Amino acid sequence: MTGLERFMDAKRREVEELTRQGTEQIRPWNGERPSFSRALEAGGGPLAVIAEYKRASPSRGVICESLEPEDVARQYREAGAAAVSVLTEERWFHGHISYLARMAAAMEKRGGKRPPLLRKDFLFHPAQVDATLATPASALLLIVRLTPSARTLRDLRERAEKGGMEAVVEVFDEKDLALARESGARIIQVNARDLASLKVDRSACLRLIETCPPERGELWIAASGMKRRADLEQAAQRGFSAALVGSALMEGGRPGEALAKLLGKKEARDAD
């Protein structure tokens, strides 16, 4: 079973349960959803960073489980994250959908405008979109290889947008990109990690944007393998608008300090 098949299998029970219960009972979030795309466009140099709350992964095992969602939310906001990605998959990444509300609440306690949240998970069914609409997420992730149909991708994206969220559509190669564009996607995330083999190839990520540069109105995000400031600078030079960084921030147990360093700040202020 490939990595992608394992992830799909892990989500089937969730989809079955959501379908059984009926999403008409789900109450949409009625609070603010800060614009995800505008946060990326506002940037911060050399490009916007989407900082990720990532407790574990199938390739690394446990990364950091000593920090609660609230701890990391405050640290990322204080260090200058343009947006925050929240892994909500439970079996392989030790996440939970409730982390979205917990992180939003922790950031809102500080007052002022909070960074938008991205729900990062393996989403391929309308019921999952509806469940996400019940959270304070500003955006959700749709992966082309989980929904290899432009019609399905379009339907899921439009369902999210109707509820006030944006959709980040993840691709790995030119074939994925063509399907994403056919579906009308405007926020394109290029994952340097092949979800089937779990291998990372940043050069493939960079080649894709050189071969198929962003079209007018598209925002591109570089994901996986982003560890150093030089990686951000290289991605920015190739035309990416943002980078998603997870493991490199979480692994040392001081994600705020790691983000501040990545952004070129001398130090992160105490977020507690």
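This talk walks through the pockets, cores and helices of one predicted model.

Ground rules, quickly. The model is predicted, so local features need pLDDT of at least 70, side-chain atom pairs count only at pLDDT 80 or more, and totals for chains, interfaces and linings use all residues. Residues are numbered from 1 along each chain as its sequence is written, and side-chain values use heavy atoms, with hydrogens and water left out.

Empty space comes up first. Rolling a probe the size of a water molecule over the atoms shows where empty space is left. The grid is 1 Å, over the protein atoms alone. A pocket is an open set of points with protein on both sides within 12 Å along at least five of seven lines; a cavity is a set where a 1.4 Å probe fits but cannot get out. Lining residues have an atom within 4 Å of a point. Points are joined across faces, edges and corners, and volume is the space filled by probe spheres set on them.

The largest pocket holds about 450 Å³ of space. Its lining has 29 residues, and K54, K120, R193, S224 and S247 lie nearest the centre. β6 (139-143), β10 (242-245) and α10 (247-250) each supply at least two lining residues. Those elements are DSSP runs numbered from the N terminus: helices are H or I, at least four residues, and strands are E, at least two.

How many cavities of 30 Å³ or more are there? One. The largest cavity has a volume of about 60 Å³. Its lining includes R145, E170, D176, R193 and D194. Five lining residues are nonpolar, one is polar and five are charged.

Now the cores. A nonpolar core joins buried Ala, Val, Leu, Ile, Met, Phe, Trp, Tyr and Cys residues through side-chain atoms within 4.5 Å. Buried is under 20% relative accessible area, exposed over 50%, partly exposed in between, with a 1.4 Å probe and protein chains only. The largest core has 62 residues, and Y76, F240 and L259 have the most contacts inside it. Helix α4 (residues 98-108) gives the largest share, six residues. Another core lies apart, with 28 residues, among them M8, L87, F124 and A139.

In α7 (residues 174-182), the buried residues are D176, L177, L179 and A180. They sit on the same side of α7, because they cover an arc of only 165° around the axis, taken from the directions from the helix axis to the C-beta atoms. K175 and E182 are exposed on the other side. Helix α5 (residues 126-133) is mostly covered, with seven of its eight residues buried. Those buried residues pack against α1 (3-21), β5 (117-120), β6 and α6.

Last, two single residues. A134 is in the loop between α5 and β6. Is A134 buried or partly exposed? Partly exposed, because its relative accessibility is 29%. Contact means heavy atoms within 4.5 Å. Leaving aside neighbours within four places in sequence, A134 is in contact with I26, R27, P28 and W29. D231 lies in helix α9 (residues 229-238). D231 counts as buried because its relative accessible area is 4%.

Note on methods:
Ala, Val, Leu, Ile, Met, Phe, Trp, Tyr, Cys and Pro count as nonpolar, Asp, Glu, Lys and Arg as charged, and the others, Gly among them, as polar.
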